[in-house]
Amino acid sequence: MKIGLLINEGPYNHQAADTAYQFARAALAKGHEVQRVFFYNDGVNNASKLTEPPQDDRHIVNRWSKLAEEHGTDLVVCVAAGLRRGLVDDNLAPGFRISGLGQLVETGIESDRLVVFGD
Amino acid sequence: MSQVEEETAVEAEVQAVVKKFMFVNRKAPYGTIYALEGLEVVLISAAFDQDVSLAFLDDGVYQLLKGQQTKALEVKNFSPTYRALEGYDVEKLYVERESLEARGIREDQLLVPVQVVSAKEMAELMEQQDVIIGF
């Protein structure tokens, strides 16, 4: 199955960012295709390369980058939501790209399921 | 119609997938950014010629209340945008009756024409959708 993900909450502040990642991993392990992960609202903060959690904590941003590296997963950050929160190309972690909201609608059209992770 | 024209027409039809998108609004218009950024997705989706509808329930019904004044909050009053939805061919606005009643809001206090539906009817509408995005 082709699955699209929408993540609306920031890392560390909300479980949604973790659950989405675990879901993506589980879906891939089951042989599904993760067509795209779209980051919106505070979810854009999942893409900041300036993120530096304490060493004994999980690194949410690097986890996504690694997923993209391993599976070629398309990680898209909303440009408007990113600009509002100071998330631009300069501080974008590897594997992410910035694009418009049309990419989210396109994911809704092209994937068999769009799964939303938010509050 | 020539064969080439016919093939092109068939191709265009295949590409023009129309899905039923429902945007579910559950939160008050101010206090968090969900309502505002949710509305931005609705406007973009209109450009994709999809079958778009909006649902308002819980505190989301406050988004449609007339007479919003946000000056003291120093936040933009974006409620006129709901009136503009019609121009984007977004005309299916469903409001849950139970949510209105629980908050003492009457239909004539809303900014735009809506269809007031019961929670049960709302569930049935959701059942018909291809894509549901909640903010």
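Colleague: What do the buried residues of helix 2 of chain B pack against?

Modeller: This is a predicted model. In it, those residues of helix 2 of chain B pack against helix 4 of chain A, and also against strand 1 (20–25), strand 2 (51–56), helix 3 (80–84) and strand 5 (131–134) of chain B.

Colleague: Which residues of that helix are buried?

Modeller: In helix 2 of chain B they are B:Tyr34, B:Ala35, B:Gly38, B:Leu39, B:Val41, B:Val42 and B:Ser45. Viewed down the helix axis, they fall within an arc of 155°, so they line one face of the helix.

Colleague: And how many residues does helix 2 of chain B have?

Modeller: Helix 2 of chain B (residues 34–46) has 13 residues. Its first and last C-alpha atoms are 19 Å apart, close to the 18 Å expected at 1.5 Å a residue.

Colleague: Turning to the contact, how many residues does each chain give?

Modeller: Chain A contributes 14 residues and chain B contributes 14 residues. On the side of chain A that touches chain B, helix 3 (79–84), helix 4 (102–110) and strand 5 (113–117) of chain A each give two or more residues. Helix 4 of chain A gives the most, with five residues.

Colleague: What is the make-up of that side of chain A, by nonpolar, polar and charged residues?

Modeller: That side of chain A has 10 nonpolar residues, four polar and no charged.

Colleague: Which residues have the most contacts inside the largest nonpolar core?

Modeller: That core has 60 residues, and those with the most contacts inside it include A:Phe39, A:Ala47 and A:Val77. Among the residues that A:Ala47 touches, beyond four places away in sequence, are A:Phe39, A:Val77 and A:Phe96.

Notes:
Residues are numbered from 1 along each chain as its sequence is written. Chains are lettered from A and ligands numbered from 1 in the order in which they are written. This is a predicted model: local features need pLDDT of at least 70, side-chain atom pairs count only at pLDDT 80 or more; totals for chains, interfaces and linings use all residues. A nonpolar core is a set of buried Ala, Val, Leu, Ile, Met, Phe, Trp, Tyr and Cys residues joined through C-beta atoms within 7 Å. A residue is buried if 20 or more other C-beta atoms lie within 10 Å of its own, exposed if 12 or fewer, and partly exposed in between; C-beta atoms are placed from the backbone. Two residues are in contact if their C-beta atoms, placed from the backbone, lie within 7 Å. Helices (H or I, at least four residues) and strands (E, at least two) are DSSP runs, numbered from the N terminus. Ala, Val, Leu, Ile, Met, Phe, Trp, Tyr, Cys and Pro count as nonpolar, Asp, Glu, Lys and Arg as charged, and the others, Gly among them, as polar. The expected span of a helix is 1.5 Å times one less than its number of residues. The arc is that of the directions from the helix axis to the C-beta atoms.
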